[in-house]
Amino acid sequence: MSSIGWIIYVVAILAFLYVLMIRPQKKIQSQRSQMLANLKINDRVLTAGGITGYIRELSDSYVYVEIAEGLVVEVSKQYVAQVLQDEENDDAYDDADDVEEAEAETADPAEVEEVTEEAEAPAEAVEEEKDKA
């Protein structure tokens, strides 16, 4: 009877490991394979090294990513970490620009003048030291 108990125990542990470890990993792997298979020209991608750019050309095992105007690098498909969405990133930059513009418009001219005077004071002190020497 104890040998049957051990067999059931081992089978239960293996089933538990499969459900918690192997199955989720297979799901992630299949999603990644699907992402790599669905890459297309003009997709914005993030590489494993943290470089972002637009796909300009595809081959079986490489993608050619434009990271700056006229600068295209060859990257193995396996190093494409994810496909980025342009709309979300552009909105984030637009929001940041709006905040900077609002802060610039509300800046008090007196504060700007004080900062300018404080920055000029050390320069005058250095010139006085040179004249004394």
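Analyst: Let's start with L39, which touches V45, I55, L58, V63, V80 and V83, leaving aside residues up to four places away in sequence. Contact here means heavy atoms within 4.5 Å. Keep in mind that this is a predicted model, where local features need pLDDT of at least 70, side-chain atom pairs count only at pLDDT 80 or more, and totals for chains, interfaces and linings use all residues. Residues are numbered from 1 along each chain as its sequence is written, and side-chain values use heavy atoms, with hydrogens and water left out.

L39 belongs to the largest nonpolar core, a set of nine residues: M35, L36, L39, V45, I55, V63, V65, V75 and V80. A nonpolar core is a set of buried Ala, Val, Leu, Ile, Met, Phe, Trp, Tyr and Cys residues joined through side-chain atoms within 4.5 Å. Buried means under 20% relative accessible area, exposed over 50%, and partly exposed in between, using a 1.4 Å probe and protein chains only. Helix 1 and strand 3 (62-68) are the elements that give two or more residues to this core. Helices (H or I, at least four residues) and strands (E, at least two) are DSSP runs, numbered from the N terminus.

Now step over to T47, in strand 1 (residues 44-47). T47 touches V75, Y79, V80 and A81, again not counting residues up to four places away in sequence. T47 counts as buried because its relative accessible area is 9%.

Helix 1 (residues 2-37) also holds I22, and I22 is partly exposed because its relative accessibility is 42%.

Zooming out, the chain has three helices and five strands, running α-β-β-β-β-β-α-α from the N terminus. Of its 133 residues, 12% count as buried. Among contacts between residues at least 6 apart in sequence, 37% join residues at least 24 apart.

How far can you trust all this? The mean pLDDT (the predictor's confidence in each residue, from 0 to 100) is 79 for the chain, with 64% of residues at 70 or more.
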